[in-house]
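Student: I am new to this structure. Please show it to me, and then let us go through it in short steps.

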Amino acid sequence: MKPKLSLIFCLFVFSINILRAQALVPELEKGKILPNITCLNDKTESYAIYLPKNYSTTKKWPIIIGFSPAGRGTDPVTLCQEAAEKFGFIVISSNNSKNGPSEPINKAYNAIKLEVEKRFSIDPKRIYSIGMSGGSRVALRMAASEPDLFRGVIACAAFINPADDFKNKNIFIYGIAGDHDFNYPEYIRGAPILDKSKTPYWIEIFQGTHQWPAKEKIYEAVEMFD
């Protein structure tokens, strides 16, 4: 076989293999909360996800990455669903990340991050996160450690740690807490810290205890992101 024809043949085989690999990745249903999708590159990790009804790979989409303190990925996805559909966001949340040692949390986060990069059409300039309680701490910590990745955080029932440096980082923090939440004082202490570092933020207080806020509060937060 002549060298030129050999090169063409190799490129053809390579293209066929790529198409076969893509065919092995099932297209996820849109407009519906999918509670348990296994990560492509780590079968021990899974997530819940909501894709807007008009999701298409022909455009780039903003995304919200959720962290539940109990490893229930459907919690943040369900709360964000209405706003995600209205404003055109993907919402994804790990079923493995939960309160506990850092190693499993970091493993779950890295699996979701790789899944997002490889599987979905994402706008790299519009990646956000949401979490509640220990999940809020994870969301804030990840945003502080990767400021070039995250543009905003919805921090529910736990606020910033003074060790998390948001100075000179283009991240918007939307804090939400119940007025009887035992972590409510963190929001009072955290506001002056963010003022000093000139970090843009908004704090919303509702009547409640240590809990996820109502979906209406989440809707307002996502609307502000939009």
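Student: In which helix is Ile105 found?
Tutor: This is a predicted model, where local features need pLDDT of at least 70, side-chain atom pairs count only at pLDDT 80 or more, and totals for chains, interfaces and linings use all residues. Residues are numbered from 1 along each chain as its sequence is written, and side-chain values use heavy atoms, with hydrogens and water left out. Helices (H or I, at least four residues) and strands (E, at least two) are DSSP runs, numbered from the N terminus. Ile105 is found within residues 102–119, which is helix H3.

Student: Is Ile105 buried or exposed?
Tutor: Buried means under 20% relative accessible area, exposed over 50%, and partly exposed in between (1.4 Å probe, protein chains only). Ile105 has a relative accessible area of 6%, so Ile105 is buried.

Student: What separates the C-alpha atoms of Ile105 and Val138?
Tutor: Along the chain, Ile105 and Val138 are 33 residues apart.

Student: How many salt bridges does a search of the whole structure find?
Tutor: Side chains of opposite charge can pair when their charged atoms come close. A salt bridge is a side-chain nitrogen of Lys or Arg within 4 Å of a carboxyl oxygen of Asp or Glu. Searching the whole structure by that rule gives 10.

Student: Which parts does the salt bridge of Asp42 with Lys107 tie together?
Tutor: The closest N and O atoms of Asp42 and Lys107 are 2.9 Å apart. Asp42 lies in the loop between strand S1 (33–38) and strand S2 (46–50), and Lys107 in helix H3, so the pair ties together parts 65 residues apart in sequence. Asp42 counts as partly exposed at 22% relative accessibility, and Lys107 counts as partly exposed at 39%. The parts are the S1–S2 loop and helix H3.

Student: Which residues are linked with Asp42 in a network of salt bridges?
Tutor: Asp42 forms a salt bridge with Lys107. The network links Asp42 with Glu45 and Lys107.

Student: What is the N to O distance in the salt bridge of Arg119 and Glu115?
Tutor: Arg119 and Glu115 are four residues apart in helix H3, so about one helical turn separates them. Arg119 counts as buried at 14% relative accessibility, and Glu115 is buried at 1%. Their side chains meet, N to O, at 3.1 Å.

Student: How are the rings of Phe89 and Tyr128 paired: stacked, edge-to-face or tilted?
Tutor: Rings of Phe, Tyr and Trp (its six-membered ring) pair if their centres lie within 6.5 Å; planes under 30 degrees apart count as stacked, over 60 as edge-to-face and the rest as tilted. By this rule there are nine aromatic pairs. The rings of Phe89 and Tyr128 have centres 5.8 Å apart and planes at 50°, so the pair is tilted.

Student: Where do Phe89 and Tyr128 lie?
Tutor: The pair links distant parts of the chain, 39 residues apart. Phe89 counts as buried at 0% relative accessibility, and Tyr128 is buried at 6%. Phe89 lies in the loop between H2 and strand S4 (90–94), and Tyr128 in strand S5 (residues 122–132).

Student: Which residues form one aromatic cluster?
Tutor: Phe89 and Tyr128 are a tilted pair. The cluster is formed by Phe89, Tyr128, Phe172, Tyr174 and Phe225.
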